[in-house]
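Please read them with the coordinates open.

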Amino acid sequence: MKSDVETLNPTRVKLTVEVSYAELKPSLDKAYKSIAGQVSVPGFRRGKVPARIIDQRFGRGTVIQEAVNDALPGFYQQAVQESSVRPLGQPEVEITEVPLGEGKDAGELKFTAEVDVRPTIDLPDFSTIAVTVDDVEVTDADVDAKLEELRVRFGTLVPVDRAVQTDDTVSLDLRAEIDGELIDSADGITYVVGIGTMLPGLDEALEGATIDEERSFTTTLAGGEHKGETAEVTVVVKAVKVRELPDLDDDFAQLASEFDTVEELRTDLRDKAEDEAVFRQGVQARDKVLEALLEQVEIPVPDGVVEDEVHRHLENESRLEDDEHRAEVTEETRRVLRTQFLLDAVAEAEEVTVAQQELIEYIVAQAPAYGMDPNSFAQAMDQAGQVPALVQEVARRKALAAVLEKAVVTDASGNTVDLGDDEDDDAEASAEADAPAAEEKPKRTRAKKPAADAADDASAAEDAGEEKPKRTRAKKPAADAADEAPAEDAAEAPEAEEKPKRTRKPKAEAAEAAGSAEAAEGAEAAGTQS
């Protein structure tokens, strides 16, 4: 077999392939055998029809067509490997010649294949990249806000007999109609007035309402089969409750934490706020370095791949005719693909590899975002053939971390930001970034004192329809539980994961791991598994 490659543009090539009759002969023999097993010819048993009879009855062209259809994918893959091209998506194949006779004078199979490919990217010296990030600042107001959040968590809901006000927690019945036809209804919905997470206009309708009073308003539905339609909504308040917060004293400190005094609790919350500010600084550095790299590098994107992905996206949303949304999706798809191509090139240049344990930790961290336990998530990805995409995503994260380590990062005050090298920083920040289901980081391991009264307040909160506040004691990182598991199965992780305790310096790779879910989705869409 002979093959040549012609570059049509930076993201598309044309393969010209010539296959000799001898190389095609096994597929011709297979085609004769297949046809002989499918047809009935008088005088011959099924499967025993000679080749010459098949040619006479059905024509040589039928046999050649079946042989070529069978052999073409293999010859195409061989040409791709020999040409060292990295295709994206399916090729456009044109058969230009087929062998009509037999033997050395039969002729050859010739075809061309045009296909989108990954662009070649010239990477800059990463040490020339310089970005500035915010200073790490924690004020008393920040600490006060965290204390207030803690008081809210340990507050209790108490019924009140008055009109609804902002921040009240109400129980309500709701029904929606379009042109007088009931399209939806629900009873006993719990809602905090003023947070704006339900229907537009609901907060205004509830303000000032009394128990059993019926209020109506008009709204535009944001989802479901009636998305975008205008509905008349009627709401009835069934109960009004206010949250009573505990006094901010030493008793509260002992109830809500392992500390004896409010001052100790404030100190701990300040430390945590500083840790979070350092982590945000690392994430900001990651984002700015990536943006600076994208600005420095020219990355062409195949139009065909973009169009296919945009069409698939809009089709899934049933918005193929929405030109404005199409423009937004097209722009975002191009950005995602440029980022993928860039990080793949960095990973190749830096010779990035992904260890089994790194894949396991990534699976454990990502599973909560899909509402699944790590084992189920790993099995689902394996069954869908997406494990290579997960490996590629981990490699991209490590690639960006490699760039971040070499870039120059300073804060607004001109100080060089130390992004660290410690492996513990990496594991901790990765888990913190990738586990959105975890609501609170564990407390620091200081002298602990049991809070005997915590159960009473927790029970009261549960009675009011609230979740019991978690005890904020230091816990072992959940990622440790996955050490011995195979990559495909992803070791069983503890039922309740918490973010591991942060150190003061986020590692470059850890800071990088905080985002780019869209890259994983784009990998599947663009077919860029490597």
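1. The side chains of Lys110 and Glu97 form a salt bridge, with an N to O distance of 3.6 Å. A salt bridge here is a side-chain nitrogen of Lys or Arg within 4 Å of a carboxyl oxygen of Asp or Glu. The two residues are 13 apart in the chain, Lys110 in strand E4 (residues 109-117) and Glu97 in strand E3. Lys110 is partly exposed at 24% relative accessible area, and Glu97 is partly exposed at 31%. Buried means under 20% relative accessible area, exposed over 50%, and partly exposed in between (1.4 Å probe, protein chains only). Helices (H or I, at least four residues) and strands (E, at least two) are DSSP runs, numbered from the N terminus.

2. On provenance, this is a predicted model: local features need pLDDT of at least 70, side-chain atom pairs count only at pLDDT 80 or more, and totals for chains, interfaces and linings use all residues. Residues are numbered from 1 along each chain as its sequence is written, and side-chain values use heavy atoms, with hydrogens and water left out.

3. The salt-bridge count is 28. One of these pairs is Glu358 with Lys398, whose closest N and O atoms are 2.9 Å apart. It links helix H10 (Glu358) to helix H12 (Lys398) across 40 residues. Glu358 is partly exposed at 24%, while Lys398 is buried at 17%.

4. Arg86 and Glu348 also form a salt bridge, at 2.9 Å between the closest N and O atoms. Arg86 sits in the loop between helix H3 (60-83) and strand E3 (87-97), and Glu348 in helix H9 (residues 323-349), 262 residues apart. Arg86 is partly exposed at 43%; Glu348 is exposed at 53%.

5. A network of salt bridges links Arg118, Asp344, Glu393, Arg396 and Arg397.

6. Helix H11 (residues 374-383) has Pro374, Asn375, Phe377, Ala378 and Met381 as its buried residues. Viewed down the H11 axis, they fall within an arc of 165 degrees, so they line one face of the helix; the arc is that of the directions from the helix axis to the C-beta atoms. Their cover includes helix H10 (356-366) and helix H12 (387-406). Just after H11, Gly385 has a positive phi of about 70 degrees.

7. Lys146 lies in helix H4 (residues 140-153). Beyond its neighbours within four places in sequence, Lys146 is in contact (heavy atoms within 4.5 Å) with Leu269, Ala273 and Glu276.
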